[in-house]
Amino acid sequence: MIRRREPVPFAFVAEADRFRSNVTPPPRERASLGQLAGRWLLGLTVVAGLVGSLMIGMPALSADQPSSQQQQSQASDGR
């Protein structure tokens, strides 16, 4: 069966997959020394914050804490 091609109102839509641009984008601007130092400082601050919170939080998560269950309340003594 022969298929009849319908006209497309926007021809560029039909040929979008074959379109190649011959215009090259401008080269990326290199980051300055101050920007690089700022990025490193920000990254170092984030990592230090994560490590510090882990170091502070680890004692609270450890299971070998002295247990306070040996102290019984007066209600459990039956008084």
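Q: What share of the 79 residues in the protein chain is buried?
A: Buried residues come to 0% of the 79. Keep in mind that this is a predicted model.

Q: What is the secondary structure of the protein chain?
A: Three helices and zero strands. Along the sequence the pattern reads α-α-α.

Q: Which helix has the lowest mean pLDDT, and which the highest?
A: Helix α1, residues 11–14, is lowest among the elements with a mean of 58, while α2 is highest with 94. The protein chain as a whole averages 77, and 56% of its residues score at least 70.

Q: Switching to the surface. Which residues make the nonpolar patch?
A: Leu-42, Val-46 and Leu-50 make a nonpolar surface patch of about 310 Å².

Q: Where does Leu-42 lie?
A: In helix α2, which covers residues 33–61.

Q: And why does Leu-42 count as exposed?
A: Because its relative accessible area is 58%, and the cut-off for exposed is over 50%.

Q: Next, Ser-62. Where is that residue found?
A: Ser-62 is in the loop between α2 and α3, the latter being residues 74–77.

Q: Why is Ser-62 called partly exposed?
A: Its relative accessibility is 30%, so it falls between the 20% limit for buried and the 50% limit for exposed.

Q: What lies 3.0 Å from a polar atom of the Ser-62 side chain?
A: The backbone oxygen of Pro-59.

Key. Residues numbered from 1 in each chain as written. Predicted model: local features only at pLDDT ≥ 70, side-chain atom pairs only at ≥ 80, totals over all residues. Heavy atoms only, no water. Helix = DSSP H or I, 4+ residues; strand = E, 2+ residues; numbered from the N terminus. Buried < 20%, exposed > 50% of the residue type's maximum accessible area, 1.4 Å probe, protein only. Patch = residues over 30% accessible without salt bridge, like charges linked within 9 Å, V, L, I, M, F, W, Y side chains within 5 Å. Areas by Shrake-Rupley, 256 points an atom, 1.4 Å probe, with all protein chains shown as cover. Salt bridge = Lys/Arg side-chain N within 4 Å of Asp/Glu carboxyl O. pLDDT = per-residue confidence, 0-100. Polar contact = N/O pair within 3.5 Å; in protein donor to acceptor, adjacent residues only side chain to side chain.
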